[in-house]
Amino acid sequence: MNVKLTDLPALPPMAILEETPEEVYRRWVNRAITLAQERGLPPPPTDPGELFYDLWYPIAMEYAEQQELLTYAFLQAFPIWADSEFLDGYGWTDGMPRKAGEDDDTYRLRILDRAFTEEGSGRRKDYETWAKELEGVGGAVAVEKARSDVSIDLYLTDLQGKPVTEEFAAKVKADMWETKRIGGHDLEVYPAPVFTLKVEAKLNTVLPLSELVEPVRKRIADYASGKIKLVFNYVGAALLVKGVEDYENLTLNGVTKDVEVPVTSVLQIEVNLT
């Protein structure tokens with residue numbers, strides 16, 4: 001199983017830990033009014049400037065801040081949400097220290113990917129895990145039996161998501177050949193190939209096209225992240241950034257149909273707007 005950020009469960013709603021000072025204070029006011037009514041007394045004056053307000057509103061502010069701290073503490077209790085040194089602690093206890101330059105999300109996915117993988121079979125998933133443990137490797141995709149019944153081909157990206165160099169791929173192969181390769185496996189390591197998606201379209205807009213290229217490219221990139229099939233209509237929807245009324249003549253690599261992205265490749269997006 002390849003774990004992606006979009007697979008991670010969202011933080012469950014915890015309304016009692018998300019109150020504003022005003023909401024906390026209003027709860028206390030309601031309690032004070034109810035208590036006064038039960039005792040047959042007039043309710044206390046609770047508007048700003050009154051003694052009740054001056055005493056209890058600052059406490060409500062502190063209480064709301066403590067709720068934020070409790071929420072943060074709750075997040076750090078789970079590797080799917082933890083960050084910084086807390087995430088380092090989870091990785092360290094699992095024997096997976098953070099690599100130099102590895103950001104929280106990349107490190108998190110590597111930790112979770114290990115949890116979903118049974119190591120030791122010497123198959124595709126093991127080679128991907130072993131490669132990602134090496135300094136300088138950000139992503140790895142292994143392909144079995146592409147060249148023969150015993151072949152394992154690894155395609156690597158760096159920590160910035162770009163293909164590694166040929167020299168680095170050769171270094172990884174030499175390292176894994178000596179330390180990780182299962183006897184009999186024919187291991188090869190390559191830089192991940194670049195797959196270019198050329199998006200061309202005519203936009204109905206009054207804005208300068210030069211201002212729209214990057215917002216459109218980013219929306220397409222966000223949609224395409226982690227996907228191996230790009231749906232034509234979904235890419236079209238990504239063109240409708242702020243200021244764009246409609247589009248026409250959309251093509252993806254010159255055609256008007258869905259595009260398959262090779263699983264071993266790095267996606268590069270080129271946008272041409274008219």
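**Close-up views of side-chain contacts**

Figure 1. R147 counts as partly exposed, at 38% relative accessibility. The model shown here and in the other views is predicted. D186 is also partly exposed, its relative accessible area being 27%. Both values fall in the partly exposed class because buried means under 20% and exposed means over 50%. The side chains of R147 and D186 meet in a salt bridge, with 2.7 Å from N to O. This pair links distant parts of the chain, 39 residues apart. D186 belongs to strand β3 (residues 186-191). R147 sits in the loop between β1 (139-144) and β2 (151-157).

**Figure 2. A salt-bridge network of D88, R98 and D104.** Salt bridges with shared partners join D88, R98 and D104 into one network. Across the structure, the count comes to 12 salt bridges.

**Figure 3. The salt bridge of R110 and E102.** R110 pairs with E102 in a salt bridge. Their closest N and O atoms are 2.9 Å apart. Are these residues buried or exposed? R110 is buried, and E102 is buried too.

Figure 4. K125 and E128 meet through their side chains in a salt bridge of 3.3 Å, N to O. Helix α5 (residues 124-132) holds both residues. K125 and E128 are 3 residues apart, about one turn of the helix. Both are buried.

**Figure 5. The edge-to-face pair of W28 and W56.** A search of the whole structure finds 14 aromatic pairs. One of them is formed by W28 and W56. The ring centres lie 5.6 Å apart, and the planes stand at 75°. The pair counts as edge-to-face because its planes are over 60 degrees apart. W28 lies in helix α1 (residues 21-38), and W56 in helix α2 (residues 51-76). The pair therefore ties together parts that are 28 residues apart in sequence. W28 is buried, at 18% relative accessible area. W56 is partly exposed, at 33% relative accessibility.

**Figure 6. The stacked pair of Y53 and Y57.** The ring centres of Y53 and Y57 are 4.9 Å apart, and the planes meet at 10°, so the pair is stacked. Where do these two tyrosines lie? Y53 and Y57 are both in helix α2, 4 residues apart. That spacing separates them by about one helical turn. Y57 is buried, with 12% relative accessible area.

**Figure 7. The aromatic cluster.** Which residues do ring pairs link into a cluster? The members are Y25, W28, F52, Y53, W56, Y57 and Y63. Among them are the edge-to-face partners W28 and W56. The stacked residues Y53 and Y57 also belong to the cluster.

**Figure 8. The buried side chain of Q67.** Q67 is part of helix α2. Its relative accessibility is 3%, so Q67 counts as buried. The side chain of Q67 makes a polar contact with the side chain of E19. This contact spans 2.9 Å.

**Figure 9. R181 over the ring of W177.** R181 lies over the face of W177. The distance to the ring centre is 3.8 Å.

Technical notes. Residues numbered from 1 in each chain as written. Predicted model: local features only at pLDDT ≥ 70, side-chain atom pairs only at ≥ 80, totals over all residues. Heavy atoms only, no water. Phe/Tyr/Trp six-rings, centres within 6.5 Å; stacked < 30°, edge-to-face > 60°. Buried < 20%, exposed > 50% of the residue type's maximum accessible area, 1.4 Å probe, protein only. Lys NZ or Arg CZ within 6 Å of the ring centre and 35° of its normal. Polar contact = N/O pair within 3.5 Å; in protein donor to acceptor, adjacent residues only side chain to side chain. Salt bridge = Lys/Arg side-chain N within 4 Å of Asp/Glu carboxyl O.
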